[in-house]
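Reader: I would like a close look at one part of this model, with the cut-offs spelled out as you go. Could you take me through it step by step?

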Amino acid sequence: MTKTRDGFVSLRISKQVLRQWWHGFQFVGHYKIVIMHQYIKEFPTHEGKEITVKGWVANKRESKTNIFVVFRDGSGFAQCVISLDAVGEEQFELAKSLTQESSLALTGMVVKDEKQMGGYELQVSSLEIYHISAEYPIANKAHGVRFLADKRHLWLRSKRQWAIMRIRNELKMGIHEYFQNNGFIQMDSPIFTGSACEGTTDLFETDFFGEPAYLAQSGQLYGEAMAMAQGKIYTFGPTFRAEKSDTPRHLAEFWMIEPEMAFYTNEMNMDLIEAFTKHLINRVLKNNQTELEVLGRDISKLESVNQVFPRVKYVDAVQILQGNKEVNGKNAITVQEEDLAAAKQGIEEKNAEVKERETTIAGGVKKGVRKFNESKILQLKKEISTLEEQCRNIPKWIESARNFKDGEDFGGSDETVLTRVFDAPVMVYNWPSKIKAFYMKEVDGDPNYVKGVDLLAPEGFGEIVGGSERETSLDVLVRKIKEHDLPMSEFEWYLDLRRFGSVPHAGFGLGLARIVRWVCNLDHVRETNPFPRRYGRLTP
RNA sequence: GCCUUCAUAGCUCAGUUGGUUAGAGCGGUUGACUGUUAAUCAAUAGGUCCCUGGUUCGAGUCCAGGUGAGGGCGCCA
């Protein structure tokens, strides 16, 4: 029982229980009874009971005396059976008028049925329609990415998108849980920044009371200030990059998590990254089994996080990438050549199957058999075109990896080639100073390298975390700001952190979209955000 | 910005060496069917073949330019 705002006491109660209690129930004082509906996710606890659920029609199949509604209520999907006998003619006629995405309340008995997703179905005794949906544009079949992106506000209702958003939510909960349980304080870094430290080309400019202001690309420097006050902190907020990056890994607006820890070395930083990542993935594995199943995710690939993450120095990673150094008997270049050969063979096999199925159809078969073969052929052709794209790309990747110049940053394909030789996520550390940011601490005795670390996800997903130990010396920092040709005046407040009790500290940044993409095995980050903002897409 | 593939019904796609009246499935509508899993079966409506120009007796199909999209790369505290 909970007290409502108007001073009444509300009581969660089902219709059936209410009916049982009705005669013996005494109204004493100011009580109000609120009849609550239930949720599909709770079906197991309602087995054998009559309950009401409220939601939408995801799909409908109809026969003379039965209507099967695949019903969704946000908490899950379940089949609801409306039979003529149970609801009577009038309500059955009403049910016939239901279209995809019509909204309604269904009352009925929860019954176990192993064939159903979730293991239960609802045998409906009555229904109440809220709204009959107009013709719904998204059918229960394949659509193109452009069409779906235009219909994002509706696409979110699809089972696959439902699963992704739930996993995204679980990851966010896991992030807060991990940090809160480990002594971190969450801080909110500013979104408006007044200074354009490194030029304005990658920044979104806005008008701040007549002054130019820019949307934040990172909260890290502010996080460092807060870490000097609170010890261990993390930011969790939106960041904005105006780069014209049209790749499956980039968004113009994305959510970033940036922990910063006083008295942490890069070693400790890497330990944290590893423990943190393990926590997140294991939490999803435990709590999102249904969602992972909807996505068809290979669980064993995610379970690989429970191994020790390999830690590879940049110089060794370069050797591995160029094919000069093997990992567990695997050569990066050879693995790519094998992938290429496998793709070519796959194309041949699939082409042969297409021909075989076309011959079957040409022979004259029943409509059902023909349709089955036709849809198979369509699917095969799609798979073939994916493989053909691989055949075009892999040789370029091999070329790029072989000719990789020591001292440069890894490109998207280089990360893919590198991670293919590892089963677990891999950490690359001690990067060349030239390609990394000014605030990274130089490796002791070798100023050509800095104590930075990138976490690369397996299966070709690439960088999801970037971090480093921060430079502590005022003199070195001043020198580096000059070397990077940055405006010293903008960093005066940041340099104060090195003037007043400077300490060793480290931190990292995690892109939420990137980890969602990896966990859900998505081709593109555009599916990771409810309404993604990226180069070439601002609506809906 | 570069490379590459593509643009045909509301959606996903066929459309042969250029040939006369433009094809299927899904979705919509109507009807049939006692348990379906993207149900099935029968019927029905639905088209500026992206745009502009060219070659040709004839262009959805060939050529040139444009526009838009997919994939790869680049850019990328």
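**A helix, its partner and the surroundings**

Author: E483 and R479 both belong to helix α14, where four residues, about one turn of the helix, separate them. Helices here are DSSP runs of H or I with at least four residues, strands are runs of E with at least two, and both are numbered from the N terminus. Before going further, please note that this is a predicted model, in which local features need pLDDT of at least 70 and side-chain atom pairs count only at pLDDT 80 or more, while totals for chains, interfaces and linings use all residues. Residues are numbered from 1 along each chain as its sequence is written, chains are lettered from A and ligands numbered from 1 in the order in which they are written, and side-chain values use heavy atoms, leaving out hydrogens and water.

Back to our pair: E483 and R479 join in a salt bridge, at 3.1 Å from N to O. The term asks for a side-chain nitrogen of Lys or Arg within 4 Å of a carboxyl oxygen of Asp or Glu, and by this rule there are 31 salt bridges. E483 is exposed at 54% relative accessibility, whereas R479 is partly exposed at 37%. These words follow relative accessible area: buried is under 20%, exposed over 50%, and partly exposed in between, using a 1.4 Å probe and protein chains only.

Now for the neighbour of α14. Helix α14 (residues 474-483) packs against helix α15 (residues 492-499) at about 155°, and their axes are 9 Å apart. The axes are lines fitted to C-alpha atoms, for helices over the stretch in contact, with angles from 0 to 180 degrees between N-to-C directions. α14 and α15 are therefore roughly antiparallel, a label for angles over 145 degrees; under 35 is roughly parallel, 65 to 115 roughly perpendicular, and the rest oblique. From α14, L474, L477, V478 and I481 meet Y494, L495, R498 and R499 of α15, contact meaning heavy atoms within 4.5 Å. The residues of this contact comprise six nonpolar, two charged and no polar. For that count, Ala, Val, Leu, Ile, Met, Phe, Trp, Tyr, Cys and Pro are nonpolar, Asp, Glu, Lys and Arg are charged, and the others, Gly among them, are polar.

R283 pairs with E177, with the closest N and O atoms 3.0 Å apart. This pair links distant parts of the chain, from R283 in helix α7 (residues 266-287) to E177 in helix α5, 106 residues apart. R283 is buried at 17%, while E177 is partly exposed at 29%. In the other bridge, R311 and E274 bring their closest N and O atoms to 3.1 Å. E274 is buried at 9%, and R311 is partly exposed at 30%. R311 and E274 also belong to a salt-bridge network with E267, D271 and K278.

Finally, the interior. The largest nonpolar core holds 49 residues, and L171, I175, L510, I515, W518 and V519 have the most contacts inside it. Such a core is a set of buried Ala, Val, Leu, Ile, Met, Phe, Trp, Tyr and Cys residues joined through side-chain atoms within 4.5 Å. Helix α16 (residues 512-520) is mostly covered, with eight of its nine residues buried; among them are I515, W518 and V519. After α16 comes N521, with a positive phi near 60°.
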